[in-house]
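Please read the points below with the model open beside you. They are meant as a careful first walk through the structure for someone who has not seen it before.

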Amino acid sequence: MSGKTNIFVMFYRGSIEVMDDRSWMYRDSPQGLRRMDYYNGVQDFINFATSIPRNFTDGGIRCPCRKCKNLKFLHQDVITMHFLTKGFMEDYLCWYAHGELFVPDESMEEQVVGSTSSASNMHEVGNENSNPYRNMVMDAMRMSEGNVRECPIVEEEPNADATRFFDLLRDSDDPLWDGCTNHSKLSAVAQVFTIKSNHGLSEAGYDKIIEWARSILPEGNRLKENFYAAKSMMKPLGLRYQKIDICPNFCMLYYLENTEMTECMTCEHSRYKPRTSRGKTLVAYKKLRYFPITPRLQRLFMSPRIVEHMTWHQSHHAVDGVIVHPSDSEAWKHFNSMHPHFSAESRNVCLGLCTNGFNPFGSFAVPYSCWPVILTVYNLPPGMCMRPEFMFLSMVIPGPSSPGWNIDVCLRLLIDELTQLWSSGALTYDISRKQNFVIKAALMWTINDFPAYGMVSGWSTHGKLTCPYCIENNKAFMLTNGGKASFFYCHRRFLPHNHRYRKNRKDFFVGKVENDVAPSCLSDEKLFDVVSEYGEIVFGLQSGK
């Protein structure tokens, strides 16, 4: 943070206020003690956050410490203590979750002043076909080189996440030592990583090889000194994920407030397997792997090739009566009318969710049910939104048994992130406008087959109450010999009142004319009242229905 000045523009109560340098938020302190400017800055944050009434929920405001990350609403005194013991979460120089709007104004003469590093210019350097390791970075980030359109908007320095990407591009061009033409800093590390993977080298063995290689390379070489440093360098290329312990019966996650628990609070199943030897690391019975979607959505706006398509859903011209994209549907238009603040920013992301179970070991193997949860981006045009590279795997729910209706327990991680993206968003760098903005996201639809629909929605897809539209007003009947519910004669009432099938006595229910109208859908309030009558829901495979 040294040598870097950040100026933030705050729009609030009709006034424009320029915020001071906030390097104090992440400045290191001697002997682990907080500096006086840190204490003063924390108090300024508390005063600002508590001055905006809409920040309060149940008497508390969002806590942006390293642990809570704006997910919890706490009292201001507790938040102050968290700041003093844990510090601020990463990349929160702009307090966008607490009412500070990061909205550049073309009429303003102030420009955001940042580091003079070459990171913001890295996307304009080099030929994409001349350096295979540069292409590797672009492929990993789902990007490609391209000409950046001139945009009459105030240019800004990339935020921390974008800067890390541009720094990785620079590493792909930097020679391993001055005068080296065969290897770059990135290519050398990538090749040694390949050798380690192919031959099963230990970390200690890797470090010994690197120590020897550095001793024979010219003075001032840029080869990373050990496995830890090399792994840190290569980390942005990979798909980051979180490992969360989960009860084998899908009762609960050992997450946030339950992180320190050692047994399930519902079925009392132990969290860890018994130790086979003294001092051995504890191993959980089941782990859930979650891949955060926010970094991947941010990367879409860091690609010159992709970012121009991220507003297609709003800029394309729809033909009346023709649906070529979900944005042409009535449901999408209704959503925009209900949430004008979200739809006003065309770069906000609309998502769809789909999930289903499969056996990764083949149909003839031991029964095993694994459930991937995939998100797709509907901002993109029809030819792109369904391509594999834009379908993001958010989590893999482990088997061997299906989670059933307890899938809600596993989806909590995704729900928390989607809630944060909807309410406070995430600071993102738009490379086409060379501008930081706060991206928000909304989950528009879930796409499943009927059994998976019952799991995700919680609606039973068995018996006479299977239809989620008719509910108890259906005309289902039980087959005499099969003993199963049949809905064959229920659909005629959805036809227009003068439709000829309504009066057909021969081909449908013999001797009956359909005069009933289709049942009306429940309103949000009525649906909430119905669900509220069920009381507390206990999850778990052993808890019953």
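1. A residue is called buried when its relative accessible area is under 20%, exposed when that area is over 50%, and partly exposed in between. K185 has a relative accessible area of 15%, so this lysine counts as buried. Please keep in mind throughout that the model is predicted.

2. Where does K185 lie, and which residues does it touch? Its place is in helix α5, which covers residues 185-199. Leaving aside residues up to four places away in sequence, K185 touches D171, D174, P175, L176, R222 and M233.

3. For the chain as a whole, the secondary structure comes to 17 helices and 14 strands, and buried residues make up 41% of its 545 residues. Among the contacts between residues at least 6 apart in sequence, 59% join residues that are at least 24 apart. The chain exposes about 30,800 Å², of which carbon and sulfur atoms supply 54%.

4. Side chains of opposite charge can pair when their charged atoms come close. A search of the whole structure finds eleven salt bridges, and several are taken up in the points that follow.

5. R222, already named as a contact of K185, meets D178 in a salt bridge between their side chains, with 2.7 Å from N to O. D178 lies in the loop between α4 (160-173) and α5, whereas R222 lies in the loop between α6 (203-216) and α7 (227-234), so the pair ties together parts that are 44 residues apart in sequence. The two partners may be set side by side: D178 is exposed, with a relative accessible area of 62%, while R222 is partly exposed, at 28%.

6. The side chains of D245 and K287 also meet in a salt bridge, at 2.8 Å from N to O. This pair links distant parts of the chain, since D245 belongs to strand β5 (residues 242-245) and K287 to strand β6 (residues 287-290), 42 residues apart. Is D245 buried or exposed? At 6% relative accessibility D245 counts as buried, whereas K287, at 29%, counts as partly exposed.

7. R412 forms a salt bridge with E257, and the closest N and O atoms of this pair are 3.4 Å apart. Here too distant parts of the chain are linked, with R412 in helix α15 (residues 412-423) and E257 in the loop between β5 and β6, 155 residues apart. R412 is partly exposed, with a relative accessible area of 27%. Elsewhere in the model, E345, R347, D430 and R433 are linked in a network of salt bridges.

8. Which residues gather in the patch of negative charge? They are D524, E525, D529 and E533. E533 is found in the segment after α17 (524-532), and at 68% relative accessibility this glutamate counts as exposed.

9. There is also a nonpolar patch on the surface, formed by L522, L527, V530, V531, Y534 and I537, which together have about 580 Å² of accessible area. L522 lies in the loop between β14 (485-486) and α17, and at 41% relative accessibility L522 counts as partly exposed.

Key: Residues numbered from 1 in each chain as written. Predicted model: local features only at pLDDT ≥ 70, side-chain atom pairs only at ≥ 80, totals over all residues. Heavy atoms only, no water. Helix = DSSP H or I, 4+ residues; strand = E, 2+ residues; numbered from the N terminus. Buried < 20%, exposed > 50% of the residue type's maximum accessible area, 1.4 Å probe, protein only. Contact = heavy atoms within 4.5 Å. Patch = residues over 30% accessible without salt bridge, like charges linked within 9 Å, V, L, I, M, F, W, Y side chains within 5 Å. Areas by Shrake-Rupley, 256 points an atom, 1.4 Å probe, with all protein chains shown as cover. Salt bridge = Lys/Arg side-chain N within 4 Å of Asp/Glu carboxyl O. Lys, Arg positive; Asp, Glu negative; His and termini not counted. Charge placed at Lys NZ, Arg CZ, Asp CG, Glu CD.
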